[in-house]
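Here's a quick briefing for anyone meeting this structure for the first time. Have a look at the model, then read on.

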Amino acid sequence: MASGICISKQEIIENLQAKGKKQGELHKKASCIRDSSVSKNVYFRGIIEFSNICANDCFYCGIRKSNNKVKRYLMSKEEILECVEFCDKAKYGSIVLQSGELQTKKFTDFVTGIVKTIKKKFPKIGITLCVGEQSKKVYQKFFDAGARRYLLRIETSNKEHYSKLHPNEMSFESRKKCLENLKKIGFQTGTGVMIGSPFQTTENLADDLLFFKKIGADMMGMGPYVLHEQTPFSSQCFNPSNNLNLSLNMVAMLRLMMPYINIASTTALQALTPNGRELGLQAGANVIMPIVTPKKYREDYQLYKNKPCINESSEDCMKCIIARIKSVGLTPAFGKSGTSLHFLRRKKC
Ligand code: 5AD
């Protein structure tokens with residue numbers, strides 16, 4: 001199982017559609033593979049959503065620049081550091097700094113500065129950046145400042161589909177190039193797609209899995225598409241239970257195809273069903289991202305509707321998430337930064 005199962009696209013499609021008993025068996029198999037490849041440890045990534053200011057106008061996203069109903073914010077350096085301190089005390093082992101996308105020098109310098117400070121104050125904590133498309137130079141600056149992981153979802157690996165989800169100013173090629181640059185620089189590189197997004201077919205999803213394998217992603221953050229009313233997609237059909245099942249099957253299939261990568265059980269799963277994140281873990285995920293954003297900002301960082309935890313504090317989220325991990329017989333990996341084994345293995349080669 002070193003490099004995952006070999007499977008045809010047709011078989012992937014069939015597995016993605018699994019329901020009932022077949023689905024249960026698929027998830028069990030993926031769970032077993034997770035246990036034997038990356039262990040029963042579940043790693044924490046405390047997510048700090050430090051700004052919702054965005055220059056992009058993605059058709060699906062609640063914080064797209066044209067949504068003038070959103071109150072925009074940028075957290076101060078001090079506020080961000082308080083969140084990191086919380087993660088350190090909670091023994092989360094790693095953090096994710098996520099925001100809307102801006103390419104201004106002021107913004108990227110701010111990110112570089114904060115990474116440097118975090119590295120100095122909390123040298124052991126893993127830092128993942130999720131601040132969108134940037135130039136190779138900027139990515140290098142982030143790396144030199146001490147960030148070692150970067151998450152940039154491709155959203156879909158199909159060029160035509162990409163152009164249906166994004167305005168003309170955004171391009172599939174540029175997103176792909178960014179992923180290549182991140183890998184070249186030496187980041188543990190994460191990507192992902194939205195599952196069940198408008199105009200997507202099951203074949204697209206099978207291609208997405210093959211794409212992840214082809215580019216050799218180290219980490220994965222993929223979750224169900226969830227409708228947001230203040231977007232151009234508000235009247236597109238949206239099937240929550242279908243998106244949930246497909247998402248869980250995507251996690252399971254990915255675990256079978258890439259046993260050593262880190263796969264997040266994403267918050268969006270919980271937007272569709274209260275035990276969504278437990279189901280993600282039971283389908284083979286090994287990473288969980290407790291929200292650490294201060295309560296006063298949570299309502300303003302809604303990429304999709306029904307986002308869970310917006311009325312909760314970071315302490316509430318911590319207790320809740322630990323209980324969820326334990327409830328499915330897995331081990332909260334306190335204090336461990338959880339470097340992707342897929343990354344370590346490819347570095348050895
Ligand atoms: N539903 C689900 N996920 C969404 N994202 C943005 N909008 C939505 C939505 N409506 C995801 C995108 C982005 C990540 C930060 O959030 O995949 O990359």
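**Around the ligand**

A nitrogen atom of the ligand sits 3.0 Å from a polar backbone atom of tyrosine 60. Bear in mind that this is a predicted model, where local features need pLDDT of at least 70, side-chain atom pairs count only at pLDDT 80 or more, and totals for chains, interfaces and linings use all residues. Residues are numbered from 1 along each chain as its sequence is written, and side-chain values use heavy atoms, with hydrogens and water left out.

- The residues around the ligand (one of their heavy atoms within 4 Å of it) include Tyr60, Cys61, Glu155 and Val226.
- Glutamate 155 has a side-chain N or O atom 2.6 Å from an oxygen atom of the ligand.
- Valine 226 brings a backbone N or O atom to 2.7 Å from a nitrogen atom of the ligand.

**Helix α2**

- Helix α2 covers residues 20-37 and reaches 26 Å from its first C-alpha to its last.
- Its buried residues (under 20% relative accessible area, 1.4 Å probe, protein chains only) are Gln23, Leu26, His27, Ala30, Ser31, Ile33, Arg34 and Ser37.
- They cover an arc of only 165° around the axis (taken from the directions from the helix axis to the C-beta atoms), so they're on the same side of α2.
- On the other side of α2, Lys21, Lys28, Lys29 and Ser36 are exposed, meaning over 50%.
- Just after α2, serine 39 has a positive phi of about 80°.

**Cysteines**

- There are 0 disulfides (pairs of cysteine sulfur atoms within 2.5 Å) in the structure.
- The sulfur of cysteine 87 is 7.1 Å from the closest cysteine sulfur, in cysteine 83, so that's too far for a bond.

Technical notes
Helix = DSSP H or I, 4+ residues; strand = E, 2+ residues; numbered from the N terminus. Expected span 1.5 Å × (residues − 1). Polar contact = N/O pair within 3.5 Å; in protein donor to acceptor, adjacent residues only side chain to side chain.
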